[in-house]
Amino acid sequence: MFKTKKKSLISLLLSTVFMFTIACSILMNPLYASASEYELTESDRLFIENVIFEMAPQAGTTCNELAYTYDDVYFSNEEWGGYVIEFTADEQEGYAIFFSINGTLKLIEINFNAFSPFYGKAGMKIYPALGYYYLKIDGSYYNASTMNLDNDYAKTQTPEFYASSAANASEVITRSITYNYGTRSTYEISNFYYQYSTELTGHSNNCCNVAGLILLNYWNKKFNNDILKLSSTDMDSAGNIKDSKGSEIMTIFYDYMNTNWFFNMGGTLPSNCYEGFQRYIEEHGYAISMSIGITYNDIMTKLTEGIPVFITATNYYFSSSPNTTSLPVPNSHPMPSSSTLNITYTHFTGISNIHTFIAYGYARYNLYTSDNQLMQEQLLKIANGWGGTCYFNYGISDKIDSAALNVFKPQ
């Protein structure tokens, strides 16, 4: 275990996460290091510590003291890939996963709410995609989150890693909830334009790029075209960016968001998505404040403040026709018998299905049974990145990350 203390105030900007600033922390009393094929160098330790210190405020937590252990993590072809860091920051459990790409550590995932699914478990730790954690034990593969045997997973010939790419396998299901009475609260940002699609460019795995375009269009309209200062030929009559210009912007985001960073594949890491969007906004004279890893209640608050939210999810549920733009209204008073709330979803599954999209509204159900037990359905209204709008079932989908990026003009 390594223990460190924060020595000075660290900038809250995500763009400085990867700067090597040894003044930010000091290594103290290395008590013990986990068994690893490659021992952490002092420069790697300092880099890892700085990243954790840097990210804590954006995740709404503090990190003045840090203790951690580390272990190896492997690519999908079972070659050594990097480290999983299990840490305690100000007595709060968390983890971070770093890949070593061409000899340089790169943050892949960080969480300040719990240790990783790998924590305390033996076996080869394999990390093939965001949200997917496998253990190889005696030649068999287990889902580290559930410890269930997974007969479908197999070693790949070359390293593969999937971030926000959305190559989807899907099935249509109807979710039925039996209740007696309930309420539904809804909100959405008005006149939100969601019709941009990943089809605007020929790039692959570009869901983060189109999410960036959707969000940029919103903020540019909010500031009366003062961010982009586009000519009338690049905008429609409602002030939205035309597709031809949107395609150009998505190509810029492909670069700025470091899309397909993993050996020319893999999509976009959420952190790279936010960092690329921030860079573009700052280049146009505006600034961003950022909150990452926020909860459903936080997301509702941000939306009512007029701040759309990036969501990255896997194993996710999007409402299907005829519920794309409307949802059922529950009985509002106790009834003699139970009722059923039915919503049809497309359920997207598979190890390469990670998708990033923009939430611009919510719909929350509080449903009560005949014995007055509360059941809650948490939905978000989204621009799905494929040219449409629908509802995302936040409660039953697997969330990887969320971020509210508030754009403002510096004084």
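Student: In this predicted model, is helix α2 mostly covered or mostly uncovered?

Tutor: An α-helix has 3.6 residues a turn, so residues three or four places apart point the same way. In this structure α2 is mostly covered, since 14 of its 16 residues are buried. The helix runs over residues 207-222 and reaches 23 Å from its first C-alpha to its last, which is close to the 22 Å expected at 1.5 Å a residue. Just after α2 comes asparagine 224, which takes a positive phi of about 55°.

Student: How many aromatic pairs does a search of the whole structure find, and how do I read one of them?

Tutor: A pair of aromatic rings is described by the distance of the centres and the angle of the planes. The search of the whole structure finds 44 aromatic pairs. Take tyrosine 127 and tyrosine 133, whose ring centres are 5.5 Å apart and whose planes meet at 15°, so this pair is stacked, because planes under 30 degrees apart count that way. Tyrosine 127 has 0% relative accessibility and counts as buried, and tyrosine 133 is buried too, with a relative accessible area of 6%.

Student: Which kind of aromatic pair do phenylalanine 318 and phenylalanine 348 form?

Tutor: Theirs is an edge-to-face pair, with 5.6 Å from centre to centre and 70° between the planes. The pair links distant parts of the chain, as phenylalanine 318 belongs to strand β14 (residues 316-319) and phenylalanine 348 to strand β15 (residues 339-349), 30 residues apart. With a relative accessibility of 3%, phenylalanine 318 counts as buried, and phenylalanine 348, at 9%, counts as buried as well.

Student: What volume does the largest pocket have, and which residues lie nearest its centre?

Tutor: Rolling a probe the size of a water molecule over the atoms shows where empty space is left. The largest pocket has a volume of about 730 Å³. Its lining has 32 residues, and Ile110, Asn111, Lys399, Ile400 and Asp401 lie nearest the centre. By class, the lining has 19 nonpolar, 9 polar and 4 charged residues. Elements that each supply at least two lining residues include β6 (104-111) and β19 (398-408).

Methods. Residues are numbered from 1 along each chain as its sequence is written. This is a predicted model: local features need pLDDT of at least 70, side-chain atom pairs count only at pLDDT 80 or more; totals for chains, interfaces and linings use all residues. Side-chain values use heavy atoms; hydrogens and water are left out. Helices (H or I, at least four residues) and strands (E, at least two) are DSSP runs, numbered from the N terminus. The expected span of a helix is 1.5 Å times one less than its number of residues. Buried means under 20% relative accessible area, exposed over 50%, partly exposed in between (1.4 Å probe, protein chains only). Rings of Phe, Tyr and Trp (its six-membered ring) pair if their centres lie within 6.5 Å; planes under 30 degrees apart count as stacked, over 60 as edge-to-face and the rest as tilted. On a 1 Å grid over the protein atoms alone, a cavity is a set of points where a 1.4 Å probe fits but cannot get out, and a pocket is an open set with protein on both sides within 12 Å along at least five of seven lines; lining residues have an atom within 4 Å of a point. Grid points are joined across faces, edges and corners, and a volume is the space filled by probe spheres set on the points. Ala, Val, Leu, Ile, Met, Phe, Trp, Tyr, Cys and Pro count as nonpolar, Asp, Glu, Lys and Arg as charged, and the others, Gly among them, as polar.
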